[in-house]
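Welcome! Please take a moment to look at the sequence and the fold below, and then we will walk through them together.

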Amino acid sequence: MSAPGLNGPGVDGPGPLVLTVTPNAAVDVTYTVAGVELGASHRVPVPLHRAGGKGLNVSRVAHQLGFPTLAIATAGGTTGAQLRADLDASGIAHDLVPVAAETRRTIALVDTAAGQTSIFNEAGPALTEAEWQALSAAVVRQLAGALPDGSGKAGFNPDDAGARPGVLVGSGSLPEQAPEDFYPGLVALAHNAGVPAIIDTSGAGILAAARAGADLLKPNNHELMDAVGETDLVAAARKLMDLGARRVLVSVGEEGMLAFEAGRPGYLQARLPAPLSGNPTGAGDAAVSAAAVALANGVTELREILARATAWSAAAVLMPGAGEISPRHAELAAQLIITDH
């Protein structure tokens, strides 16, 4: 697929910035083992430690493929220092808001023998009111770069200097006692700056983001039906758009991904001829990254957004850790079967 701005930065400048917000950042720890026996001891290789949380994964994928991105997140304590150090080493532009609480960890156990991945997510500690205000202020500061006379900070990656925000992505769970209007607030800030907003969360948060008019929501099938209280996937997606969402991408496992758009009858489905085996932990984040890059560059055609999101999501399954995708993403895109329903 070729669309303006979707092949990385060009000669005319760095391209629009994918601005991500991760209110519940984490240090991801990934163990890979060939078989798990419950109740037994296991000798494991050195795990992969990486700055994580869904929004940071979105930024990492965009950065890997050469698209300008800046990640806004919280960081506190020893694990927060590890998160910052990893972002520095990775070259991902970031604006980290210091918090008093220790940054959480997530643990992924990848069983290569069974072809299964188990995830253990620590709950995020509560932030103070002042810390929430500082996080929102960071978003406002960075979105200022989307305006002609804005003064948004360019971040820490000189390659991204001069890039203006083209999309705002809010991803992941919220810490304990989080403001209920945090994600709707992000949508409002994005629209006030004239850029689209993508929200990837679950539960009541996805309903609130839909009511706020999010340009794209990205749940998986279980998150969608649980949040809406529907057993029919199509009806559940339609309810989000009835609430105000403009587009909905839904991951459906081996069946690929579904795409819905307000005012468009039916839906689209993209899938590979055969499912891939690997680690699906970061697949949804890769899909969000693809959609974010597309919207940031002015691509609004649903079929193209769906195809790129599905290919990047599949390519993420082939990698050992969340936040990166296989170079085979273009090959996988060519294999997609896209059908109208």
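Which strands does helix α2 lie across, and at about what angle does helix α2 run to β3? Helix α2 (residues 77-90) lies across β2, β3 and β6 (104-111), and runs at about 90° to β3. This is a predicted model, in which local features need pLDDT of at least 70 and side-chain atom pairs count only at pLDDT 80 or more, while totals for chains, interfaces and linings use all residues. Residues are numbered from 1 along each chain as its sequence is written, and side-chain values use heavy atoms, with hydrogens and water left out.

**A few words to know**

- Helices (H or I, at least four residues) and strands (E, at least two) are DSSP runs, numbered from the N terminus.
- Two strands pair if DSSP finds at least two bridges between them.
- Contact means heavy atoms within 4.5 Å.
- Buried means under 20% relative accessible area, exposed means over 50%, and partly exposed is in between (1.4 Å probe, protein chains only).
- Axes are lines fitted to C-alpha atoms, for helices over the stretch in contact, and angles run from 0 to 180 degrees between N-to-C directions.

**The open sheet and its helices**

- Strands of a sheet pair through backbone hydrogen bonds, either parallel or antiparallel.
- Here, 4 strands form an open sheet in the order β3-β2-β6-β7, and the pairing is mixed.
- Its edge strands, β3 (48-52) and β7 (116-121), each pair on one side only.
- On average, neighbouring strands of this sheet are turned by 20° against each other, direction ignored.
- Strand β2 (residues 26-33) and β3 run antiparallel and are joined by 5 bridges; Val27 stands opposite Ala51 in β3.
- Helix α1 (residues 54-64) lies across β2 and β3, at about 100° to β3.

**A glycine before α2**

- Gly76 sits in the loop between β4 (69-75) and α2.
- Gly76 is buried, with a relative accessible area of 3%.
- Leaving aside neighbours within four places in sequence, Gly76 is in contact with Val99, Ala101, Glu102 and Thr103.
- The C-alpha atoms of Gly76 and Val97 are 8.5 Å apart, although the two residues are 21 residues apart along the chain.

- Strand β8 (residues 165-171) pairs with β9 in the parallel sense over 4 bridges, and Gly170 has Ile199 as its bridge partner in β9.
- From β8, the chain crosses through helix α4 (residues 182-192) to β9 in a right-handed β-α-β crossover. A crossover is right-handed if, with the strands pointing away from the viewer, the path from the first strand over the helix to the second runs clockwise.
- Strand β9 (residues 197-200) is covered on both faces, with Ala197 and Ile199 buried on one side and Ile198 and Asp200 buried on the other.
- β9 is joined to strand β10 (residues 216-217) by 2 bridges, and the two run parallel; Ile198 stands opposite Leu216 in β10.
- The crossover from β9 through helix α5 (residues 204-211) to β10 is right-handed.

**Inside the helices α4 and α5**

- In α4, the buried residues are Phe182, Tyr183, Pro184, Leu186, Val187 and Ala190, and they pack against β1 (17-22), α3 (129-143), β8, β9 and α5.
- After α4 comes Gly194, with a positive phi near 80°.
- In α5, the buried residues are Ile206, Leu207, Ala208, Ala209 and Ala210, and they pack against α4, β9, β10, α6 (221-228) and α7 (233-243).
- Just after α5, Gly213 has a positive phi of about 90°.

**Nonpolar cores**

- A nonpolar core is a set of buried Ala, Val, Leu, Ile, Met, Phe, Trp, Tyr and Cys residues joined through side-chain atoms within 4.5 Å.
- The largest nonpolar core has 46 residues, of which Leu217 and Leu240 touch the most other members.
- Apart from this core lies another, of 39 residues, among them Val58, Phe67, Val169 and Ala316.

- The axes of helix α8 (residues 283-296) and helix α9 (residues 302-317) come within 7 Å and cross at roughly 145°.
- Residues making this contact include Ala287 and Ala291 of α8, and Trp312 and Ala316 of α9.
- Ser326, in the loop between α9 and α10 (329-335), is buried, with a relative accessible area of 6%.
- Not counting residues up to four places away in sequence, Ser326 touches Ala315, Leu318 and Met319.
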